[in-house]
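Dear colleague,

Please find below the structure for your files.

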Amino acid sequence: MSYDNNNIFAKILREEIPCSKIYEDEFVLSFYDINPQKKIHALVIPKGKYTDLDDFSSNASNEEIIGLIKGINIVAKKLGISSDIGSGYRALANISDHGGQEVPHLHFHLFGGEIVGKMVS
Ligand code: AMP
């Protein structure tokens, strides 16, 4: 699938629509999900144009890949849910059709602030 420049997260990155920002650096932007599924529901997205995790793993630079993984940890610490200072969380990426991905820009969901529950329903 080619990258759709009009997807909602691309618009958030271009600041065409607002988000409730948690963290930003050279590699990632993080903001709260508009429709939270748990007490804490954050999203972490790479700044580059990648449709999903497979596109990212195949085409992103090592710097971008490290930046995203580190970004998830930075956000989890900021939210107080990382395993060192908090009680943990679930990081989840939906990938394409069978994965139930709705927004075609790679994003990790961070669910926490309570026991997250069953892994797959
Ligand atoms: P996915 O099904 O993995 O593609 O998840 C897309 C997520 O994006 C959903 O949890 C939506 O609630 C969330 N979402 C959609 N639009 C926005 C927005 N404008 N700001 C924040 N989160 C959004």
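A polar contact here is a pair of N or O atoms within 3.5 Å; within protein, one must be able to donate a hydrogen and the other to accept it, and residues adjacent in sequence count only if both atoms are side-chain atoms. The model is predicted, with local features requiring pLDDT of at least 70 and side-chain atom pairs counted only at pLDDT 80 or more, while totals for chains, interfaces and linings use all residues. Residues are numbered from 1 along each chain as its sequence is written, and side-chain values use heavy atoms, without hydrogens and water.

A ligand oxygen is 3.2 Å from a polar backbone atom of G100, and a backbone N or O atom of E102 is 2.6 Å from an oxygen of the ligand. Of the ligand's own 510 Å² of accessible area (Shrake-Rupley method, 1.4 Å probe), the protein covers 85%.

The shell around the ligand holds 16 residues, with D33, N94, E102, H107 and H109 coming nearest; a residue belongs there if one of its heavy atoms lies within 4 Å of the ligand. α1 contributes the most, three residues.

The ligand sits in the largest pocket, meaning that more than half of its atoms lie within 2 Å of the pocket's grid points. A pocket is an open set of points on a 1 Å grid over the protein atoms alone, where a 1.4 Å probe fits, with protein on both sides within 12 Å along at least five of seven lines; lining residues have an atom within 4 Å of a point. Of the 31 lining residues, D33, Q37, H41, H109 and F111 lie nearest the pocket's centre.

Technical notes: Helices (H or I, at least four residues) and strands (E, at least two) are DSSP runs, numbered from the N terminus.
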